[in-house]
Amino acid sequence: MGIFEPPQQIIMWRDPSNGISASVPGSSSILQVDAQSDISRQSLGPLDYDQEASRLADKIRRRLEQNREAARKSRLRKKAYVQQLENSRLKLAQLEQDLDQAKQQGLYIGSAYNNYGIAGNMNTGIAAFEMEYGHWLEEQHRQNCELRNALQANISDVELGILVDGCLSHYYNLFRMKADATKADVFYLMSGIWRTSAERVFLWIGGFRPSELLNVVMPQLEPLTDQQAVEIGKLRHSSQQAEEALSRGLDKLQQTLAQIVWADGLGGEIFNSQIASAIEKLEALEGFVNQADNLREHALQLMSRILTPSQAARGFLALGEYLHRLRALGTLWAARPRDHASEFYAVRENVF
């Protein structure tokens with residue numbers, strides 16, 4: 001008889017690393033597989049752990065960066081909000097000051113309207129214009145300072161060109177404001193109540209003469225090239241011709257109005273038809289003011305195109321300083337001590 005060999009026990013083994021079951025015929029094989037799995041766990045375990053730790057560290061780092069960025073944006077929004085509140089407070093204080101000034105000026109504005117037959121009523125369009133014009137003057141002063149600093153710093157022509165464009169836009173805004181005020185009350189704008197006494201001396205249809213503008217800024221534009229001198233001469237000539245044409249048209253309108261108002265002489269009364277005709281003619285005054293401002297705008301545009309950025313910047317600075325000095329002269333004249341002036345005239349009469 002042969003030797004009896006016991007059957008080999010089949011042992012099921014599950015690899016914990018990959019979840020795969022295997023049949024092992026004997027204990028020696030079990031020991032061999034267990035040793036291999038231990039080696040595998042020892043070789044792969046730390047690597048997987050390091051990778052997981054690295055991913056976790058990256059995630060934490062990204063989260064911290066996001067938190068820091070969110071905090072920075074929150075601080076910026078808070079700062080902008082506080083600045084906005086401060087600006088609103090300053091604007092409110094400025095509006096209150098403007099309202100106080102408007103109340104103080106309401107007396108002479110009301111007296112002007114009394115002459116127009118609108119006693120006791122203050123035109124809201126004119127009040128808005130005065131407030132806007134006050135802000136416009138402040139902005140012009142700021143631009144003059146900016147131009148002066150830029151010219152002293154010898155900045156590039158590109159930067160000077162940007163400043164010149166800003167000056168043009170600033171004057172365009174003035175013409176837009178005047179157009180709105182003309183619709184509200186053309187007599188107010190043409191009378192120059194919104195300007196000082198010294199400025200009113202040089203007033204022409206609600207503003208400055210373009211040819212006068214060129215005479216003021218020309219000394220600041222030297223040296224000019226031959227082509228520039230020719231173009232500036234053409235611009236001055238065409239501006240003078242347009243000014244004369246508008247002046248003749250305004251004179252003719254005044255003559256026509258006088259004829260309509262005085263049609264029946266002393267013996268008659270003004271009828272409704274005459275009043276309607278006179279009002280229709282007066283509405284043409286708005287067109288004269290708008291045409292004069294269009295002429296001023298055209299002169300500024302051509303001047304900036306003919307000149308270099310540096311010359312144009314000097315020209316706008318000269319124009320701004322000229323208007324500022326006229327305004328300061330009118331203010332000083334209005335604030336002069338009148339008692340001393342009366343004493344001066346009294347002494348003069350006694351002497352002579």
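Trainee: A cavity is a set of grid points where a 1.4 Å probe fits but cannot get out, and its lining residues have an atom within 4 Å of a point. On that basis, which residues line the second largest cavity?

Mentor: Please note first that this is a predicted model. The second largest cavity is lined by Tyr133, Trp136, Leu137, Gln140, Tyr171, Leu174, Arg195, Glu199, Phe208, Leu323 and Arg327.

Trainee: Which helix gives the largest share of that lining?

Mentor: Helix H2 does, with 4 residues. At least two residues each come from H2 (124-153), helix H3 (157-184) and H10.

Trainee: How much space lies in it, and how does the lining split by class?

Mentor: The second largest cavity holds about 60 Å³. Its lining comprises 7 nonpolar, 1 polar and 3 charged residues.

Trainee: How many cavities are there of 30 Å³ or more?

Mentor: The count is 3.

Trainee: Changing topic: how do H6 and H10 pack?

Mentor: Helix H6, residues 210-217, packs against helix H10, residues 309-334, at an angle of about 110°, and the two axes lie 9 Å apart. Angles of 65 to 115 degrees count as roughly perpendicular, and H6 and H10 are therefore described as roughly perpendicular to each other.

Trainee: Which residues meet there?

Mentor: From H6, Glu212, Leu213, Val216 and Val217 take part, and they meet Gly315, Ala318, Leu319 and Tyr322 of H10. The residues of this contact divide into 6 nonpolar, 1 polar and 1 charged.

Trainee: One more residue: where is Ala313, and is it buried or exposed?

Mentor: Ala313 is in helix H10. Buried means under 20% relative accessible area, and Ala313 is therefore classed as buried, since its value is 0%.

Trainee: What is Ala313 in contact with, leaving aside its neighbours within four places in sequence?

Mentor: Ala313 is then in contact with Leu147, Leu151, Leu160 and Val164. Leu147 is 166 residues away from Ala313 along the chain, yet their C-alpha atoms are separated by 6.6 Å.

Methods. Residues are numbered from 1 along each chain as its sequence is written. This is a predicted model: local features need pLDDT of at least 70, side-chain atom pairs count only at pLDDT 80 or more; totals for chains, interfaces and linings use all residues. Side-chain values use heavy atoms; hydrogens and water are left out. Axes are lines fitted to C-alpha atoms, for helices over the stretch in contact, and angles run from 0 to 180 degrees between N-to-C directions. Angles under 35 degrees count as roughly parallel, over 145 as roughly antiparallel, 65 to 115 as roughly perpendicular and the rest as oblique. Contact means heavy atoms within 4.5 Å. Ala, Val, Leu, Ile, Met, Phe, Trp, Tyr, Cys and Pro count as nonpolar, Asp, Glu, Lys and Arg as charged, and the others, Gly among them, as polar. On a 1 Å grid over the protein atoms alone, a cavity is a set of points where a 1.4 Å probe fits but cannot get out, and a pocket is an open set with protein on both sides within 12 Å along at least five of seven lines; lining residues have an atom within 4 Å of a point. Grid points are joined across faces, edges and corners, and a volume is the space filled by probe spheres set on the points. Buried means under 20% relative accessible area, exposed over 50%, partly exposed in between (1.4 Å probe, protein chains only).
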